[in-house]
Amino acid sequence: MATFETQVEALTGISITGSSNPTQTELSSFLVDGVKDVIHRMIEVRPEELVRFTSTTNSTSSIAKVGKILSVAREHDSTTILRKCTVIDPGDRYEATDVDSLLYRSKTNPGFYELNGSIFTVPEAGSGNNDIVVTQIFYDTGVAYGDEVPDNFPESYAYLVSLYAAIKSLQRKIGGTIISITAVPPDVPSAPNITSDGVATTTVSITGTAPTYTAPTQTVSSVAWATEYPGQGSALTTGLTALKAEVDECLTIADNIHTEIGLANAETDSFPVPPDVPSLTSITYSNPGASDASLTGVASASVYTGSAPSYTKPSIEGGLTELTEVEAGTIGSAENDVEQWWNIVGQYIEDQEDSELASTQLQKIATYISAFSQEMASAINTFNASNVAYQSAIQESIAEFQSQNQINLQNASNSNNRLLQGAIQDAKVILDNNAQAIQRYQAEISEYSAEVSAASQRAQGYINTAQGYANEITSKIAIAQAYNADVAARLSLVAPKVSEFQAKMQDALNTFNDANIEYQATLQKNIQDATMAAQEAQKEGDMLLQAKIQDYTLTLQRYSAEVQEYQAEISAQVQEQTTQVTQYQLLYTQLKVDYETAFVVPGGGE
């Protein structure tokens, strides 16, 4: 397989060396960017291809974060026993090592976190077959112009990296191409002094100077060409770098939001279970007959037959009744798959270099996070309101039950005090038992309410923290949009600058042509004057004089031919270089189409 340099040269027709435009060093940089672009685009349209771009690395300390993480595991005293690690907040990494902490992570339940561009585990990775093992997307940042296929990269997709580098090379070539003229105007011949014995001296001369072509300056609209063109614009590079930095910070903050919402969900998932409603014994009075009287203890019955309320948490990609509903469209597509939204932002920046779409996507994410926070807060408020109503109904039911028992007991006592004393004592025992059961239940209800309140407060705290992060993202988006506007403004100047410079080249050529026409007319007049003078001298001169005149006439004719040849050479060079720039632009457009087409899924979109 040919090297990348050979492939790019074949695609562009540009001979690339250490000092060419672009240079071999610049080509290597384009290849590194191309590897990232191809990977991001390919896994977006063909997610099943993701595993072909991954690399698994293990270490006894930490592993550098390169791309999207697929899995993190930690060996457990053996290379064949791997414990899956779940993500933890970097701020909890110390508590995760404290055996007395609820956040403690053991060898059998390890966690991992990202910090300063590296991936760490808790417990720490170490020697003795306790490595950290990470599988993540791999980008070959060392690929160079002399290579054939990037590391950990399918050979079948390597041609796309060549296409990307060819597109960038043409862009660089166009930006560094300035029309230059190498043709040199002919020297103006010196007119001889024509003399002859007995004849007055006759002098003829050519007036004026042959025009020269002056190429237009590289300053267009008072701005240097190199400042505005993408291939050389340092200001544009600075703007894009700053924009990417803001987006990266937004993605980091978004991970924090995801963590906080996960903690809030964990709290609501483990809400305490309400206590069982006690079974109480009711008392009914039977009117005594002639010789007996009694109180009848009725079988145990629940005080309140309603159910305790349950908390229903909102879901990611919620249903039709939730603010977070995103089920419209094709199921599984990036449109309604919230987990893909973060990747899309990175692709807009790294792959498509479309900062405006990236800003819009981040705004959508921030809005969604705000809606999710409101949905969760609403769900907690709904639960609290239902719980208050439930508690009130229980208290009311208990009060009615106790009141009825007291009434029944009083009725029995008033009917026949002597005969019913024994039964009344039994009823009092029932009432005491009921009172104790109710007392225990009320204590359990109070404890349950306190636990629910504490869990709700913790969940709300996580939600508030997530909302703070969301506000921070909104602020970052505003900054990113400012950078985006600057980048868009600079990019919008590229096409007009090219057109304006081409117009300046044509104006310069027209100026030369006009001057040359005028000079040719003057030249012809001078030649005619010289010829007439020579003819006059020829009448009076001798053979030597005639020879001088003929020689000078021939010199003037040669000079006229050289001037015409010079003019044709200038026109040819200007045309050739203008055509070359146009060909580069057409080839750039074609390669761009070929490259974009490779990421189109048949029957679907990009």
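A salt bridge is taken here as a side-chain nitrogen of Lys or Arg within 4 Å of a carboxyl oxygen of Asp or Glu. The structure is a predicted model, in which local features need pLDDT of at least 70 and side-chain atom pairs count only at pLDDT 80 or more, whereas totals for chains, interfaces and linings use all residues. Residues are numbered from 1 along each chain as its sequence is written, and side-chain values rest on heavy atoms, with hydrogens and water left out.

The confidence of the prediction was examined through pLDDT, the predictor's confidence in each residue on a scale from 0 to 100. The mean pLDDT of the protein is 76, and 69% of its residues reach 70 or more. Helices (DSSP runs of H or I, at least four residues) and strands (runs of E, at least two) are numbered from the N terminus. Among these elements, the highest mean pLDDT, 97, belongs to strand β7 (residues 118–122), and the lowest, 49, to strand β15 (residues 294–297). Over residues 196–200 the pLDDT is below 50, and the model gives this stretch seven contacts beyond near neighbours in sequence, a contact being heavy atoms within 4.5 Å. Residues 289–293 likewise stay under 50 in pLDDT, with three contacts beyond four places in sequence.

Burial was assigned from relative accessible area: buried means under 20%, exposed over 50%, and partly exposed in between (1.4 Å probe, protein chains only). In helix α1 (residues 4–12), the buried residues include Phe-4, Glu-5, Gln-7, Val-8 and Thr-12. These residues lie on the same side of α1, because they cover an arc of only 165° around the axis; the arc is that of the directions from the helix axis to the C-beta atoms. Gly-13 follows α1 and has a positive phi, near 75°.

Helix α2 (residues 24–45) is mostly covered, with 16 of its 22 residues buried. At 1.5 Å a residue, α2 should span 32 Å, which agrees with the 31 Å between its end C-alpha atoms; the expected span is 1.5 Å times one less than the number of residues.

Seven salt bridges are present in the structure. Side chains of opposite charge can pair when their charged atoms come close. In one of these bridges, the side chains of Arg-172 and Glu-26 meet at 3.1 Å, N to O. Arg-172 belongs to helix α3 (residues 158–175) and Glu-26 to α2, so this pair ties together parts that are 146 residues apart in sequence. Arg-172 counts as buried at 17% relative accessibility, while Glu-26, at 24%, counts as partly exposed.

A network of salt bridges links Asp-37, Arg-41, Lys-592 and Glu-596.

A further salt bridge joins Lys-65 and Glu-114, whose closest N and O atoms are 3.1 Å apart. This pair links distant parts of the chain, 49 residues apart: Lys-65 is in the loop between β2 (63–64) and β3 (69–75), and Glu-114 is in strand β6 (residues 111–115). Lys-65 is partly exposed, with a relative accessible area of 33%, and Glu-114 is partly exposed at 35%.

Strand β6 also takes part in an open sheet of four strands, ordered β2-β7-β6-β5, with mixed pairing; two strands pair if DSSP finds at least two bridges between them. Strands β2 and β5 (86–87) are the edge strands, each pairing on one side only. The antiparallel pairing of β6 and β7 extends over five bridges, and Tyr-113 stands opposite Phe-120 in β7. The strands β6 and β7 form a hairpin with two residues between them, and Asn-116 in the turn has a positive phi of about 55°. Strands β2 and β7 run antiparallel and are joined by two bridges, with Ala-64 standing opposite Ser-118 in β7. Four of the five residues of β7 are buried, so this strand is largely enclosed by the rest of the structure.
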